[in-house]
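Subject: Structure handover

Dear colleague,

Here is the structure I promised to pass on to you. Please have it open while you read the notes below.

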Amino acid sequence: MNNGHATPLITSVCYVRLAVSELHGSARFMSDIFGLQRVADQDGEIAFRSDHRYRTVSLGSHESVGIEVWDDEALETVGKRLRDLGFAVKDAEPAECRRRYVQSALLAEDASKNRIDLVVRPSHSGRRYFPSRDAGIVQFHSVGLRTTDHVRDMAFWKAIGAGVSDWVGDIAYLRIDGMHHRIALYPSKRNGLLYAAFEVEALDQIMQNSYFMQESQIRIVQGPGREAASRQIFLHVEGPDGLILSYVNGMAEYGDKPRLARQFPLTATSLCDWGSESSDVPELSAPV
C-alpha cells in the first residue's frame, strides 16, 4: 500500500532489456535453447515472450529493467519521491515508450546506475504463448540486480513501494506483491543485471532443463538448488554475454500477516540448502 492510496504503487517486474554483442546469435539462444517465443524486431531490438504479456525480454544495445506501475497517478508519485531523494529520473519520450511497448514511463537510475524503467500499461497479447522449444515456462518471474551502493539502492526501492522479505548477509530479497520476492539486490563491485528468472511448471521442468542444458553443452552456473529463505527451486544457466538466465519454481508466498524480515547468515547453505554452489560468480557465492 502507498500513502493515501488503496492500491500498490508498483505491481510487477514486467520485462528486461538486455545488451548483447551478437544480436542474432543471442536471439537463437533465447528461442532455440532457453525456450522463449520470438515476437518482434523493432528499432534494432528483438523481442521475446514468456507468458501472457506481449514481450518480457528484448535484446539490443541497451539494458534496463521494466517495473509496472499501477497507473499514471502512481507514476507521478514515485517520480516525485525519487526526485526528492536525488535520483535521476526523466519522462520517457513517445519513441522510448513505443520501443518498450508501454503507454507511459519514467526512466530512472538507482544509485548503482542500474537503469530502471517505471512503466504504465505494458502491452499484453491476445495470443497464447507458444515457444519453439517447450521448456515449461509459464511466466517471467523476477530479477537479481547487482548493487554497488547498497544503502542508497535500498532507499530507491523502498521509495517506490518495495519491502524487504528477508536478508542473506546483505543480499536483500524485495517483495512487491504476494510472493516472497520479485527483486533481489546482490552487493557487488559492479552494477548491472545479475539474472533474469522465469517460472516453470514444476520441479520436473527444472530437472528436464538441467539435462537439456548439459546435452546442449550450455554451462550451468548453479543448481538445481533451492534458496533457504524463499524455498524457491532454481537452475541458473549461462546465456549470451555471460548473462545468467534462470528457471525457477516453488517460491513461498509472503502471506497477508506482516512479519519482521529474517536475517540469514551469508553461508553456502543459506544460498542453496540442497548444496549446489557457484564457484565463479561472486554474487552467488559465500565466503569460505
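What follows is a summary of what was computed for it.

The model is a predicted one, in which local features need pLDDT of at least 70 and side-chain atom pairs count only at pLDDT 80 or more, whereas totals for chains, interfaces and linings use all residues. Residues are numbered from 1 along each chain as its sequence is written, and side-chain values use heavy atoms, with hydrogens and water left out.

The protein chain has six helices and 17 strands (DSSP runs, H or I of at least four residues for helices and E of at least two for strands, numbered from the N terminus). Its radius of gyration is 18 Å, close to the 19 Å that the globule rule gives for 288 residues, so the chain is as compact as a globular protein of that length (taken over C-alpha atoms, the rule being 2.2 Å times the number of residues to the power 0.38).

Of the 288 residues in the protein chain, 56% are buried (under 20% relative accessible area, with a 1.4 Å probe and protein chains only).

Leaving aside neighbours within four places in sequence, F34 is in contact (heavy atoms within 4.5 Å) with residues including R133, F198, M213 and Y247.

Best regards

Terms used: Buried < 20%, exposed > 50% of the residue type's maximum accessible area, 1.4 Å probe, protein only.
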